[in-house]
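Biologist: I have a structure open and I'd like to learn how to read it. Could you walk me through some helices, sheets and a ligand site?

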Amino acid sequence: MVNLLLIVAWRNFWRDKTTSFIQLSGLVIGLACFILIQLYVDNQKSYNSQFTDAQNIYRINLIRDESKPQAQTPLKLSQELTSNFQQIDDATRVASNGISVKHSQNIYAERGLFVDKNYFSFFDFELLEGDIHTALNAPDSLVLHEDMAIKYFSRSTGVLGNRLTINGKEHQITAVIKKNNTPHTMPLTLILPIESYFSLLPSEAWQTRWNYNATVTFAKIANKSSIENLTRAVSDYYDERAKGSSSFKTNRVVIEPLLNIYLNNVTTYSLIPPGSAVMVTVFDIVALMILLLACVNFTNLSTAAAMRRGKDVGVRKALGASKHQLITQYLLEAILLTSAATVISLLVVELFLPSFNILMNTEINLAYSSSLGLQLISLTLFVAIAAGSYPAFYLSNLSPAHVLKGLVSTSKTGNLLRQGLIILQFGIAAFLLVSSLIVNWQMQFVKDMPQGFDRENVVVVNRGADIYNSFKTQLARHPDVISTTMSHTVPTKPTRTSNIVRPVNDISSEIWVGSNPVSYDFFQTFGIKLLSGRDFSKTYTNDIYVENENDWQASTGKLIINQSLATSLGWSPEEALDQMVTMGGAGGDGLHNHQIIAVVEDSHYINAKNAISPMIYLLSGQPRDLSLRWTSIRLKAGASLQTVKELEQVWLGLDGNLTFKYDWLSDLFSASYRNENQQTELLNIFTFLAIMVTSIGLFGLAAFNTQQRVKEIAIRKILGASTSQLCFMLVNQFSRLVLLANIIALPIAYWLMRDWLNGFIYRIDMPYSAFILSGIFSLIIAYITVMVIAYRAATAKPVDSLSCE
Amino acid sequence: MITLNNISRSFIGDEVETVAIDKMSLSINKGEFLSILGPSGCGKSTLLNVLGMLDNIDQGEFTFLAHRVEQCSENQCAKLRKQHIGFIFQNFNLIDELTVEQNIELPLYYHNVPKEERKKRVNEVLKRVDIAHRRKHLPAKLSGGQQQRVAIARAIITQPALVLADEPTGNLDSKNSAQVMELLQELNKEGSTIVMVTHAPEHVQYGTRVLELLDGKILRDEKVENAVPSAKLTEVACG
Ligand SMILES: Nc1ncnc2c1ncn2[C@@H]1O[C@H](COP(=O)(O)OP(=O)(O)OP(=O)(O)O)[C@@H](O)[C@H]1O
Ligand SMILES: [Mg+2]
């Protein structure tokens with residue numbers, strides 16, 4: 001019996017090849033998308049789940065005033081937590097810092113993780129060699145990730161006991177972490193005891209400062225129900241101690257589960273760049289939409305094909321087949337076709353995973369397991385039943401008398417359903433089309449908008465305070481160098497310090513400003529335009545900013561402010577010149593006045609998704625004075641890589657132990673939009689696929705519909721209809737549906753995109769042309785798709801169509 | 001009006017080549033009512049399709065109103081057909097979704113006749129074929145005879161010089177058949193040239209000339225001498 005069902009199913013598949021293949025290809029695209037995205041979503045949600053204690057581990061974030069939570073905490077926090085809060089079973093610190101690694105005469109810039117001895121009891125990585133319990137005991141111990149071992153020793157085992165010189169001090173390798181594909185939020189790099197980090201601090205006192213945030217703190221808390229109270233208690237404890245030591249008024253903590261931290265992209269200073277929960281949700285929805293489109297194709301074509309199969313049903317019923325048997329037959333066919341589609345889509349997924357991994361920067365692979373098998377089987381069954389049940393019930397319900405008389409073709413409900421489904425499909429396609437147009441335009445706008453600095457031809461080098469003066473002098477002689485400067489932060493990177501500025505005549509009103517201490521030539525190097533006034537200059541010794549902690553009033557230094565601050569203070573750039581403002585008054589500092597000597601244009605730090613905040617620029621006499629961290633060099637346009645090599649030589653000539661770790665400012669700029677670029681690109685791909693699945697469906701339906709009408713077409717042709725008249729007639733029936741789909745979908749898109757655009761500070765106006773374009777484009781797609789078929793039908797010889805009667 | 005000189009048309013099937021028309025020569029004058037008889041498969045429909053330019057010929061010369069059809073492009077043929085020829089089929093070939101009126105109006109629409117004129121002419125032919133009372137009906141609601149009268153109305157509404165009818169009575173009973181034949185005869189008397197394929201020898205009497213085919217060749221071609229007057233024929237048909 002089953003055998004017979006299978007044979008019939010197989011024959012039916014081949015009997016109507018076009019329909020079957022269209023159904024199959026639609027399902028393959030839909031399923032492949034769905035599987036791929038599900039893999040991605042699972043990957044994104046599985047961060048850190050590999051650690052045995054993951055359920056009980058939390059990260060402690062700080063929230064100070066209204067700012068975003070940050071993962072950087074005081075070094076002494078972990079100690080305070082374990083000794084003062086009994087609910088906290090254990091705590092550990094992970095500080096991340098740039099290090100230079102010297103190995104056989106070469107110097108490499110790396111990021112090092114400085115951790116407590118109990119690091120591996122939190123993050124139990126599998127080791128290739130070494131003992132997880134003792135690996136971090138010695139003060140000079142060093143744990144490498146497999147990739148690092150290969151980088152330095154060209155092998156991943158047998159490296160124990162080898163030495164690397166880190167920041168000038170020898171370390172001995174005590175363990176190698178095995179590489180695996182399960183994602184986690186720990187950087188894959190070199191791990192050192194945290195004591196090595198302390199030696200980087202200016203003094204021992206920094207280890208216990210409540211206002212110096214340098215480490216990520218993790219805590220183990222077994223008692224979940226205590227989290228809420230604990231958060232409150234720790235917040236109060238921390239606030240009590242941190243208050244007065246910084247400009248912040250409130251200090252709170254958040255205790256965040258380790259399993260959530262990857263998808264939390266609000267918190268700053270996490271160890272690796274976070275993912276995006278919103279993005280994961282959006283992908284989930286889009287994947288479902290595409291799968292839905294594929295199911296719709298299937299249903300649509302099946303019910304259409306049902307007309308042709310109507311006779312078959314009639315005959316079977318007349319011969320005594322029960323409704324139940326017929327349903328089984330048709331559902332079985334749906335299941336078989338879907339299974340075939342699932343198998344093919346797995347191949348498709350395998351084929352596209354490498355490119356997908358590159359695009360999304362992931363390491364996902366398709367791990368065949370019984371649970372995957374089970375998931376795939378449920379997916380197949382679900383799709384088959386969702387897509388196949390309407391046709392099955394519809395077909396089995398046909399009355400044989402009607403069918404044999406050929407009356408199925410005029411079934412009103414079937415027609416309405418098919419038209420409804422076409423509208424749904426084109427609605428989804430139009431929605432995605434408008435959304436991706438607007439998203440692309442907005443992203444382009446953000447990237448193209450004036451950033452308030454010139455990102456071309458600037459090289460940014462990490463550190464270099466000690467050699468800065470000689471470096472600058474030597475570079476001045478280089479023909480390709482326009483200017484050199486050093487600064488605390490650079491455009492594309494966040495401002496790290498803040499200050500309070502008050503109008504002199506109203507010191508109770510506070511304006512929070514970002515502060516960027518710089519050296520000479522900063523504005524020239526970054527191409528930031530002066531709107532009024534003069535740049536810092538060596539001819540005025542009073543330009544240099546010095547806070548006098550003994551006599552605050554005696555603090556000196558001139559200010560350059562950005563336009564936003566001038567506006568906040570109620571001045572035009574010209575009016576702001578020579579005005580005095582009051583600074584200080586936070587955390588026990590005294591008040592001191594400074595004069596404004598220039599107003600510069602607003603520049604974007606981080607990227608254009610963040611509002612430009614009021615900024616002050618202070619002049620640091622020597623790089624160390626106000627802890628300048630970045631050396632930047634503006635080169636002449638067209639400077640080659642060779643020039644950069646020469647700069648490196650100069651640099652290494654001054655300090656052979658300091659790596660020349662550089663980036664082009666334009667690369668830093670692009671990198672700050674990497675997430676957005678990924679999202680946009682993926683959205684584009686999905687939109688393309690959705691349109692493709694929709695056109696496949698339309699193509700199938702049009703082919704079917706046209707086939708239904710061949711006779712009519714022939715008659716009309718004999719009566720004198722021209723080819724274009726016929727094509728128009730055939731296409732027209734669909735264009736109404738497409739227009740209707742647009743009318744329904746576009747308001748929804750408008751509404752959602754308005755909200756999305758409102759999330760941007762710098763945004764395009766709602767582009768109405770996107771809606772018009774989408775309407776036109778979906779019509780064109782429908783026209784082309786249907787026209788292929790219509791043209792063939794309209795130019796066919798009428799006799800052929802009539803003689804088949 | 002029409003001259004066929006040595007035309008052939010064959011179909012290449014899976015195994016055999018069927019010669020549907022075999023070096024046939026024939027000329028049809030304006031005003032004739034030609035009936036074509038012959039056994040099934042002898043090439044009657046093929047000949048009619050060739051005359052209606054629905055099918056091409058493989059060999060020979062085909063002149064239609066001074067046009068050399070075998071040299072015409074697809075478009076030129078379509079134009080000749082549209083201007084000069086009306087078709088009537090055995091299975092009526094009405095469009096199911098259109099009403100009687102709309103079916104009849106359709107050719108005028110394709111001829112770009114203005115709306116007023118279309119209305120007027122549809123009314124005329126509706127009366128002529130005596131189907132005006134059913135003008136709003138869909139074809140499926142009509143009897144076979146009524147459907148064929150609609151089809152005739154549709155064929156003649158453009159006032160074609162040539163009407164081609166392939167077994168117009170094949171699906172009708174004798175009473176309806178007679179009605180259709182009378183209609184055709186009347187048309188012919190008013191000046192239309194008619195070529196009709198039929199299986200019923202008695203219908204030959206309505207025409208002016210009879211052609212008998214066998215295996216793609218003309219077996220007999222003669223004038224119908226004693227054309228039966230319409231009234232008498234009705235009696236015969238009924239009796
Ligand atoms: N499209 C075609 N392809 C192949 N062979 C064809 C085609 N059309 C007609 N024939 C063959 O050509 C021959 C003549 O067919 P035609 O339809 O002209 O016969 P007919 O005289 O009209 O027959 P009937 O009285 O049954 O309608 C037949 O043998 C038929 O099989
Ligand atoms: Mg025939």
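Modeller: We'll go through helix pairs, then sheets, then the ligand. This is a predicted model, in which local features need pLDDT of at least 70 and side-chain atom pairs count only at pLDDT 80 or more, while totals for chains, interfaces and linings use all residues. Residues are numbered from 1 along each chain as its sequence is written, chains are lettered from A and ligands numbered from 1 in the order in which they are written, and side-chain values use heavy atoms, with hydrogens and water left out.

Biologist: At what angle do the axes of H21(A) and H22(A) cross?

Modeller: Axes are lines fitted to C-alpha atoms, for helices over the stretch in contact, and angles run from 0 to 180 degrees between N-to-C directions. Helices (H or I, at least four residues) and strands (E, at least two) are DSSP runs, numbered from the N terminus. Here, helix H21 (residues 723-758) and helix H22 (residues 768-795) of chain A come within 8 Å, crossing at roughly 155 degrees. Angles under 35 degrees count as roughly parallel, over 145 as roughly antiparallel, 65 to 115 as roughly perpendicular and the rest as oblique. H21(A) and H22(A) are therefore roughly antiparallel to each other.

Biologist: Which residue classes make up the contact of H21(A) with H22(A)?

Modeller: Ala, Val, Leu, Ile, Met, Phe, Trp, Tyr, Cys and Pro count as nonpolar, Asp, Glu, Lys and Arg as charged, and the others, Gly among them, as polar. The contact of H21(A) with H22(A) has 22 nonpolar, eight polar and no charged residues.

Biologist: Is the crossing of H2(A) and H19(A) left-handed or right-handed?

Modeller: A crossing is left-handed if the near helix is turned anticlockwise from the far one by less than a right angle, and right-handed if clockwise. H2(A) passes H19(A) in a left-handed crossing, whereas that of H21(A) and H22(A) is right-handed. The axes of helix H2 (residues 17-45) and helix H19 (residues 674-708) of chain A come within 9 Å and cross at roughly 160 degrees.

Biologist: On to sheets. In what order do the four strands of the open sheet in chain B lie?

Modeller: Strands of a sheet pair through backbone hydrogen bonds, either parallel or antiparallel. Two strands count as paired if DSSP finds at least two bridges between them. The order in chain B is E2-E1-E4-E5, with antiparallel pairing. Strand E1 (residues 2-12) of chain B pairs with E2(B) over eight bridges, and B:Phe11 has B:Thr18 in E2(B) as its bridge partner.

Biologist: What is the pairing in the six-strand open sheet of chain B?

Modeller: The pairing there is mixed, in the order E6-E7-E8-E3-E9-E10. Strand E6 (85-88) and strand E10 (217-223) of chain B each have a single partner strand, so one side of each is left without a neighbour in the sheet.

Biologist: In chain A, how many bridges join E3(A) to E4(A)?

Modeller: 10 bridges join strand E3 (residues 90-103) to strand E4 (residues 106-115) of chain A, and the two run antiparallel. A:Ala95 stands opposite A:Phe114 in E4(A). E4(A) also runs parallel to strand E9 (residues 190-193) of chain A, with four bridges, and there A:Phe114 stands opposite A:Leu192.

Biologist: Finally, which residues surround ligand 1?

Modeller: A residue is near a molecule if one of its heavy atoms lies within 4 Å of it. Those around ligand 1 include B:Phe11, B:Thr18, B:Lys44, B:Glu167 and B:His199. For polar contacts with a ligand, look for a pair of N or O atoms within 3.5 Å. A backbone N or O atom of B:Gly41 lies 2.8 Å from an oxygen atom of ligand 1, and a polar side-chain atom of B:Ser45 lies 2.7 Å from a ligand 1 oxygen atom.

Note on methods:
A polar contact is a pair of N or O atoms within 3.5 Å; within protein, one must be able to donate a hydrogen and the other to accept it, and residues adjacent in sequence count only if both atoms are side-chain atoms.
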